[in-house]
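Try each task before reading its solution.

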Amino acid sequence: MSEHDHEHDHDHADADAEAEAEAEVRRRFALAQIRQYGDVALRMTARPVEEFDDDLRRLVERMTALMHDAQGVGLAATQVGVIRRVFVFEPGDDGPRTLVNPVVVERADEAAVDEEGCLSLQGVRVPVERAVSLVLEGKDENGGDVRYDLEGYGARVAQHELDHLDGVLIIDRTDDEHRKEALSVLRPRAVLR
Ligand SMILES: [Zn+2]
């Protein structure tokens, strides 16, 4: 999931401008390593992780770094071409979290609509309906049990990343009008790949 709603102060010092330019270079470099719309990996159903080994920990480390560099708030393994049930996300201000083999154990009946973006669908933001809260259980990268009781924004990000593990994208979850608009942005790029 991506976040484009940064507030910009137009009175930057040179150092700030330089840091921002560097961040933009890192963002583009990260995005170039994330599978983009049209890539088959984004439509695959991921398989459970079986081994909690160094390969998995390296994958999680790489995904977390990519998520930060790309200025996103979540990234699923399918988005880096690894068809396994793993995602990283940032549900709040307490830093990144990892969820391996996530299972939804509770989901609110109440839903809310808000705009979402996606690191794999650049330039697209569409309204998506999500449950307002959910409880997820799974493992961390070391095989330890984790449980997340999520509400609002955190719950939305987690549902977005869960969808990625089943090959579902935000354009599948929005209304016809927004889907059509999104595809007009995405299609020319998909053809160029
Ligand atoms: Zn996404």
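**Exercise 1: the zinc site**

Task: find which protein atoms are the donors of the zinc ion, and describe their spacing along the chain.

Solution. Keep in mind that this is a predicted model.
- Step one: look for N, O and S atoms within 2.8 Å of the metal. That picks out SG of Cys118, plus NE2 of His160 and NE2 of His164, at 2.0 to 2.2 Å from the zinc ion.
- Step two: read the donors along the chain, and you get the pattern C-x41-H-x3-H.
- His160 and His164 both sit in helix α3, which covers residues 152-165, and they are 4 residues apart, about one turn of the helix.
- Step four: are His160 and His164 buried or exposed? Both come out buried, and the cut-off for that is under 20% relative accessible area.

**Exercise 2: the whole fold**

Task: list the helices and strands in order, then check the protein's radius of gyration against that of a compact globule.

Solution. 
- Step one: count 5 helices and 7 strands. From the N terminus, the order is α-α-β-β-β-β-β-β-β-α-α-α.
- Step two: for 193 residues, a compact globule would have a radius of gyration near 16 Å; the protein has 17 Å, so the two agree.
- Step four: look inside. Buried residues account for 42% of the 193. Of the contacts between residues at least 6 apart in sequence, 68% link residues at least 24 apart.

**Exercise 3: charge**

Task: tally the positive and negative side chains.

Solution. There are 24 positive and 43 negative side chains, and the centres of the two sets are 8 Å apart.

Note on methods. Residues are numbered from 1 along each chain as its sequence is written. This is a predicted model: local features need pLDDT of at least 70, side-chain atom pairs count only at pLDDT 80 or more; totals for chains, interfaces and linings use all residues. Side-chain values use heavy atoms; hydrogens and water are left out. Donors are N, O and S atoms within 2.8 Å of the metal (3.2 Å for Na, K and Ca); water is not among the atoms, so sites may look incomplete. Helices (H or I, at least four residues) and strands (E, at least two) are DSSP runs, numbered from the N terminus. Buried means under 20% relative accessible area, exposed over 50%, partly exposed in between (1.4 Å probe, protein chains only). The radius of gyration is taken over C-alpha atoms; the globule rule is 2.2 Å times the number of residues to the power 0.38. Contact means heavy atoms within 4.5 Å. Lys and Arg count as positive and Asp and Glu as negative; His and the chain ends are not counted. The place of a charge is taken as NZ of Lys, CZ of Arg, CG of Asp or CD of Glu.
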